[in-house]
Amino acid sequence: MSALLEIDNLVKAFHGVPVLRGVGFEIRAGTVTGLVGGNGAGKSTLMNLLGGNLRPDSGAMRLEGRVYEPENSAAAARAGISFVHQELNLFPNLTLAENLFLTDFPIRGFFIRRSVLARQAAALLAKVGLPHTPDTPLEHLTPGERQLVEIARALHGNPKLIILDEPTTSLSPPECERLFRLVRSLQAEGCAFIFISHALGDVLQLCGRILVLRDGAVADQGPAGDFTIARLVTSMAGREIKQLFPGRTELPVADADTKPLLEVRGVRQPGVVDNIRFTLRRGEILGLSGLMGAGRTELARLLFGLAPHRSGEILLDGKTLTGGPRARIRAGLALLTESRGEDGICAGASVNDNIMLATLPAHAWGPLGLLSNARLKPVVRKVSESVHLHTRREGAEPLRRLSGGNQQKAVLARWLLAEPKVLILDEPTRGIDAAAKFEIYQLILALAAAGTGVLLISSEQEELLALSDRILVMSRGRLTGEFVRPDFSPESLLRAALAHHHSHPETHP
Amino acid sequence: MKRTALILLDHAVILLFAGVLLTFGFLAPGFLSWASLGNLLIQSSPTAVLAAGMTFVLMVAGVDLSVGAVMALAAAVAGKMMLGGFSMPLALAAMLFMGPACGLVNGLLVTRLHIAAFIATLGTLWLGRGGALWITETRAMNLPDSFLHLGSSRLLGIPLPGIICAAVLAAGNVLLEQTPFGRQLRATGHSAVAAAKAGINVRRLVTAAYVICGFCAALAGILVLGQLGAVSPKFGLNKEFAAIAAAVLGGTSLFGGRGAVFPGSLLGAALIQAVENGLVAINANPYLYPVVTSAVIFVAVLLDTLRQRLRAAATRRIFPETEAKAFSASAAA
């Protein structure tokens with residue numbers, strides 16, 4: 001049997017940073033291939049190349065022996081490769097049939113041929129085992145049923161290969177079983193699948209072959225029967241640290257008598273986080289690890305008062321935190337958000353205005369509480385220098401003109417001015433070049449040395465391993481591990497991060 | 001509980017309509033006569049046509065504030081042409097050309113220059129009003145009687161404005177409910193990003209919605225000309241608010257993606273007209289009219305917001321046990 005899809009030595013880099021470094025593998029018709037890998041292993045990039053959203057720098061793809069170079073996602077679909085993304089792209093205000101045929105309704109003249117539409121939609125729905133009529137509004141379906149609608153849509157063009165990206169995260173166990181049954185029956189009809197998942201038990205159970213990506217290369221592959229969860233974790237984790245890190249030299253004073261700076265007591269919000277409890281001391285760098293979607297960012301937002309929690313308590317310096325961000329900034333908390341562009345900066349405002357944003361009232365002056373540029377300037381200059389911020393027009397230019405690294409430094413400068421007791425950093429080095437990363441690491445270390453408690457959320461494991469005094473691991477909204485320096489190992493972190501990714505019982509033994 | 005509330009809200013316009021009719025019927029005898037009700041429907045036909053067009057724009061979560069001004073501009077041009085010796089069909093054709101053209105300008109401002117619909121159409125509102133004032137030199141133009149004849153002529157015993165209104169509502173309804181265009185418009189209104197991801201040409205679709213709205217504005221202008229027989233500087237003034245209120249009262253959401261041309265637009269327009277006629281019938285202080293009209297608009301928007309919030313709450317599900325049950329039941333079926 002010849003290969004359906006051949007991937008040969010694919011290379012892709014973003015801004016000089018290699019993401020795929022020569023990935024090659026084969027997919028045979030009627031097989032299910034499990035694709036696993038940690039954050040940043042290159043899975044998304046690989047899928048974007050397959051789906052025609054990106055083009056490789058070098059390397060080749062062949063579909064049924066012919067060169068496969070999709071221009072866009074529509075071309076990929078025409079060639080026979082369908083995607084079911086983790087985020088569903090459906091319309092709750094339309095019916096099932098309309099969702100399935102949105103871009104190619106059967107028509108006569110200008111009008112939709114309703115009977116044909118209903119018949120074709122019913123056939124697709126029957127194929128995925130949904131009992132609903134084609135004119136049911138999508139909003140009446142559960143998340144799991146919607147997932148099946150998305151798969152029905154993927155089946156519409158009679159694809160040869162369907163890529164399922166984390167299809168089980170929002171599904172209940174019976175819904176998962178149903179999905180797996182569907183995959184097996186389609187597989188029997190000759191359709192191939194790539195199954196991307198963090199639920200390693202599911203991967204072992206469903207897939208015939210397994211492919212492990214790490215650092216943009218195939219780290220391990222073979223028949224699923226040869227794999228155990230332990231081998232998967234070892235292959236995914238890898239070992240060496242590539243990036244240069246400034247050493248963690250000054251350790252926080254480890255006197256157990258002093259009260260913790262930040263104390264989180266059993267914080268819970270249904271469906272988001274459950275029973276989170278930890279402490280953070282003065283001068284400590286506490287790493288928070290976990291896979292994408294583990295709830296780390298949600299926890300950070302909750303601590304900062306951007307999201308509610310139903311029970312539990314958060315104490316800063318022994319005092320319970322209440323209210324929104326404004327009250328918590330005043331209490332001594334600061335949050336550097338994950339998506340800088342969306343909620344971290346005012347891109348059109350000047351660099352200086354962005355830096356002053358959180359502390360303007362403190363610099364108001366005189367009986368009327370006015371702001372004086374003459375007085376603000378030296379303040380901004382001083383903090384800009386301390387974070388090594390490089391600007392051209394003394395910070396008068398819009399922040400969006402700066403590089404990602406300098407934007408991030410400006411946001412850091414903003415929070416330094418507020419002199420927080422606890423600083424939460426959510427992915428502080430995402431999308432930043434190596435030199436700027438190094439400077440930000442130095443800043444984090446300096447802050448901790450000055451007594452600030454730092455909660456460092458990062459998907460870059462090396463970063464956490466190099467900087468943290470202690471690392472907490474989250475999985476599915478719960479804390480699943482705590483590691484104290486020097487007892488860090490990438491494998492144990494990953495194992496804790498994969499906890500609670502339940503696997504489902506075999507349905508067809 | 002929430003479902004019942006949603007059903008009530010979805011039919012709020014009927015309840016309100018009935019309430020308004022009964023109240024004024026009680027206060028002013030004769031208000032509920034057949035002649036008066038028929039008159040009410042004919043009077044509300046321009047607003048119903050405007051609301052039908054507005055439904056398309058609201059469907060993609062946009063808004064068109066310029067419809068009243070487009071009515072005025074098109075009417076002014078037609079009036080000038082008629083007084084200049086052109087024939088009536090030519091003047092009407094010019095109006096029907098100008099409406100979609102103004103809509104195209106709105107659509108391009110929104111989709112190509114990415115100007116917020118509210119601001120873009122506010123700009124064209126002033127442009128249109130200014131243009132109309134310039135053309136009419138701020139004086140009222142009395143048109144030949146042929147326009148009034150047009151407004152009062154009947155076909156098979158039904159007044160022509162009623163027929164035009166019915167045709168627009170029917171065509172709009174078919175376009176929205178039974179063509180790929182209409183379904184894609186609905187999808188775009190729910191989420192333009194998701195629609196683009198699904199392969200829909202969002203820009204062209206949104207532009208088309210504004211063009212349709214402009215066309216309906218021109219038609220409404222013709223209907224009002226048939227009623228008044230004159231173009232004054234106040235022609236079509238504030239009609240945009242009546243149109244939006246009528247569409248939203250009729251169940252179309254300001255948040256996009258939900259609504260219908262029929263019967264919503266007609267009921268909404270008739271409701272607004274009924275309030276106005278009722279105020280006249282009970283000899284209310286004329287200075288009170290704007291206060292009452294604005295109250296109607298607030299009610300419309302409030303209903304829409306309530307619907308939106310209830311719908312979000314009613315469809316949110318966080319893995320209840322019933323879900324697993326329903327699931328195994330359906331799997332067994």
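A surface patch, as the word is used here, is made of residues with over 30% relative accessible area and no salt bridge, nonpolar side chains being joined within 5 Å. In this predicted model, Phe118(B), Ile119(B), Leu122(B) and Trp126(B) form such a nonpolar patch on the surface, and together they have about 450 Å² of accessible area. One of these residues, Ile119(B), has its place in helix α7 of chain B, which covers residues 117-136. Because its relative accessible area is 47%, Ile119(B) counts as partly exposed, a class that lies between buried, under 20%, and exposed, over 50%.

From the surface we turn to the aromatic rings, of which the structure holds 3 pairs over all chains. In one of them, the ring centres of Phe180(A) and Phe195(A) are 6.0 Å apart and the ring planes stand at 85°, so the pair is edge-to-face. This pair links distant parts of chain A, since Phe180(A) belongs to helix α6 (residues 173-188) whereas Phe195(A), 15 residues apart from it, belongs to strand β10 (residues 192-196). Both Phe180(A) and Phe195(A) are buried.

Chain B contributes an aromatic pair in Phe24(B) and Phe31(B), which is tilted, with 5.7 Å from centre to centre and 55° between the planes. Phe24(B) is buried, as is Phe31(B).

A ring can also face a charge, and in chain A the charged end of Arg231(A) sits over the ring of Phe227(A), at 3.9 Å from the centre of that ring.

How values were computed. Residues are numbered from 1 along each chain as its sequence is written. Chains are lettered from A and ligands numbered from 1 in the order in which they are written. This is a predicted model: local features need pLDDT of at least 70, side-chain atom pairs count only at pLDDT 80 or more; totals for chains, interfaces and linings use all residues. Side-chain values use heavy atoms; hydrogens and water are left out. Rings of Phe, Tyr and Trp (its six-membered ring) pair if their centres lie within 6.5 Å; planes under 30 degrees apart count as stacked, over 60 as edge-to-face and the rest as tilted. Helices (H or I, at least four residues) and strands (E, at least two) are DSSP runs, numbered from the N terminus. Buried means under 20% relative accessible area, exposed over 50%, partly exposed in between (1.4 Å probe, protein chains only). A charge sits over a ring if NZ of Lys or CZ of Arg is within 6 Å of the ring centre and within 35 degrees of the ring normal. Patches are made of residues with over 30% relative accessible area and no salt bridge: like charges are joined within 9 Å, nonpolar side chains (Val, Leu, Ile, Met, Phe, Trp, Tyr) within 5 Å. Accessible areas come from the Shrake-Rupley method with a 1.4 Å probe; for residues, only the protein chains shown count as cover. A salt bridge is a side-chain nitrogen of Lys or Arg within 4 Å of a carboxyl oxygen of Asp or Glu.
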